[in-house]
Amino acid sequence: MLPIKLVVFDMAGTTVQDKKEVETCFARACAETGLQVSEERILALQGYSKIEVFKLLWDERIGQNHPEYDENVVYSYDYFRLILEDHYKLNDVLPTDGCLEIFDFLRKNDVKIALTTGFYRKVTNIILEKLGWLDGLEFNYVNTTGKSVIDVSIASDEVAKGRPEPLMIQKAMKLMGVVDPYDVINIGDTPSDLKSGSKAGCRLSLGVTNGTHTHEQLQFIQNNGLLTSLRELRPIIENISVLNEA
């Protein structure tokens, strides 16, 4: 049995191919609702709960005490949701390189698979359904039937605070019956992914550099390794097993 009990994966850019779709939808929502945001800033905010991002941007733009602050946040967020949902409904959704292979390896070795995301539940389900990963998950998005590709799905609107806070990881642990974060690996493609893994105390918080961020962009964020794709995760887990047995 492997010493790792749970691997927590991000979705867009990590397990789900993202060719800047989210950035493009977000930039369009900003531009069309009165927010001028640079490409660099949008990239830096990837992985965070989008409602929190709009709160931050409108706070910077007009301040929380402005009489139109709440209305503007809701307007921008709702517009973004509409664009994003339409995109995923109308376009193909594909797993990233090595994703299905590492899922298969983990399942065969009785390691639980959790997906966490900065998305809210509705768009998360659109993506999962297109991939066929929603099949077998019960009402609380836990695989109690043994028939799903993944074991649990957690969206950012299902915890009090999204990334970089560790609450989604901690919820996944609780639902999977994992007590010690040293039994957990966290992996994602954004700074907020890496930060949440570190805050959760995971044995490893790893980054993948074939998603939204490059090696150069992630190297300055605290991490336990940067991978070119999910294909490099299996030997890392196998090496932990060897070291455990030594």
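**Exercise 1. Determine the handedness with which α3 passes α4, and describe the geometry and the residues of their contact.**

Step 1. The crossing of α3 past α4 is right-handed, a crossing being left-handed if the near helix is turned anticlockwise from the far one by less than a right angle, and right-handed if clockwise. Helices (H or I, at least four residues) and strands (E, at least two) are taken here as DSSP runs, numbered from the N terminus.

Step 2. The structure is a predicted model, in which local features need pLDDT of at least 70 and side-chain atom pairs count only at pLDDT 80 or more, whereas totals for chains, interfaces and linings use all residues. Residues are numbered from 1 along each chain as its sequence is written, and side-chain values use heavy atoms, with hydrogens and water left out.

Step 3. The axes of helix α3 (residues 50–62) and helix α4 (residues 69–90) come within 9 Å and cross at roughly 135 degrees; axes are lines fitted to C-alpha atoms, for helices over the stretch in contact, and angles run from 0 to 180 degrees between N-to-C directions. The two helices α3 and α4 are therefore oblique to each other, since angles under 35 degrees count as roughly parallel, over 145 as roughly antiparallel, 65 to 115 as roughly perpendicular and the rest as oblique.

Step 4. On the α3 side the contact (heavy atoms within 4.5 Å) involves Lys50, Ile51, Phe54, Lys55, Trp58, Asp59 and Ile62, which meet Tyr69, Asn72, Val73, Ser76, Tyr77 and Phe80 of α4. Sorted by class, the contact of α3 with α4 comprises 8 nonpolar, 2 polar and 3 charged residues, where Ala, Val, Leu, Ile, Met, Phe, Trp, Tyr, Cys and Pro count as nonpolar, Asp, Glu, Lys and Arg as charged, and the others, Gly among them, as polar.

**Exercise 2. Describe how α4 packs with α1 and with α6.**

Step 1. Helix α1 (residues 21–32) packs with α4 at an angle of about 145 degrees, their axes lying 9 Å apart, and the crossing of α1 and α4 is right-handed. From α1, the residues Glu21, Val22, Cys25, Phe26, Arg28, Ala29 and Glu32 take part, and from α4 Tyr75, Ser76, Tyr79, Phe80, Ile83, Leu84, His87 and Tyr88. The contact of α1 with α4 divides into 10 nonpolar, 2 polar and 3 charged residues.

Step 2. The axes of α4 and helix α6 (residues 121–131) come within 10 Å and cross at roughly 5 degrees; α4 and α6 are therefore roughly parallel to each other. Leu84, Glu85, Tyr88, Lys89 and Leu90 of α4 are in contact with Lys122, Val123, Ile126, Ile127 and Lys130 of α6, a set with 6 nonpolar, no polar and 4 charged residues.

**Exercise 3. Identify the backbone features at proline 164 and aspartate 110.**

Step 1. Most residues other than glycine have a negative phi, and most peptide bonds are trans.

Step 2. The peptide bond from arginine 163 to proline 164 is cis, with omega near 10 degrees, and proline 164 is placed in the loop between β3 (152–155) and α7.

Step 3. Aspartate 110, although not a glycine, has a positive phi of about 60 degrees, and this aspartate 110 lies in the loop between α5 (99–108) and β2 (112–117).
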